[in-house]
Amino acid sequence: MAEETIFSKIIRREIPADILYQDDLVTAFCDIAPKAPTHILIVPNHLIPTVNDVKSSDEKALGRMITVAAKLADEAGIADDGYRLVINCNKHGGQEVYHIHMHLLGGQYIGPLVASR
Ligand code: AMP
């Protein structure tokens, strides 16, 4: 059984967060340390630690994460200019919180992905 993270407490509204959207499958809230003018995290309500743990039964929630990302990007007024969706996995991906989450980053030019060497 995977260990819960702070995101489970946010989903259950046990600790404060700026929640922008919640339904039966996913929750979206503002990142506490934004890396762009718009930086939203979209998470499944049930705990999936990493992309490596994804099962076919998770597909509905994972698909909803993208639908909600598009809706929130539109509401934030950044859809036309564009944005980046990121899911980090494990150490080399820079994952810090082991409850799978999608970063929605935008509101400025993010640019192409570059190698960090
Ligand atoms: P990652 O490196 O992909 O695991 O990203 C974790 C993200 O969670 C970081 O961008 C953090 O700033 C963010 N974060 C950590 N704790 C909180 C919190 N309590 N509320 C909102 N965002 C958080």
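Visitor: How far is an oxygen atom of the ligand from an N or O atom in the side chain of K35?

Guide: This is a predicted model, in which local features need pLDDT of at least 70 and side-chain atom pairs count only at pLDDT 80 or more, while totals for chains, interfaces and linings use all residues. Residues are numbered from 1 along each chain as its sequence is written, and side-chain values use heavy atoms, with hydrogens and water left out. A polar contact is a pair of N or O atoms within 3.5 Å; within protein, one must be able to donate a hydrogen and the other to accept it, and residues adjacent in sequence count only if both atoms are side-chain atoms. For the side chain of K35, the distance from an N or O atom to a ligand oxygen is 3.2 Å.

Visitor: What share of the ligand's area does the protein bury?

Guide: An oxygen atom of the ligand lies 2.8 Å from an N or O atom in the side chain of N88, and an oxygen atom of the ligand is likewise 2.8 Å from such an atom in the side chain of H103. Taken alone the ligand exposes 500 Å² (Shrake-Rupley method, 1.4 Å probe), and of that area the protein buries 88%.

Visitor: Is T50 buried or exposed?

Guide: T50 lies in the loop between β3 and α2, and a polar atom of its side chain is 2.9 Å from the backbone nitrogen of N52. T50 also touches C89, N90, Q95, Y98 and I100 (heavy atoms within 4.5 Å), not counting residues up to four places away in sequence. Buried means under 20% relative accessible area, exposed over 50%, and partly exposed in between, with a 1.4 Å probe and protein chains only. Because its relative accessibility is 5%, T50 counts as buried.

Visitor: Which residues does V86 touch, not counting those up to four places away in sequence?

Guide: V86 has its place in strand β4 (residues 83-86). With that sequence limit applied, the residues touched by V86 are H101, M102, H103 and L105.

Technical notes
Helix = DSSP H or I, 4+ residues; strand = E, 2+ residues; numbered from the N terminus.
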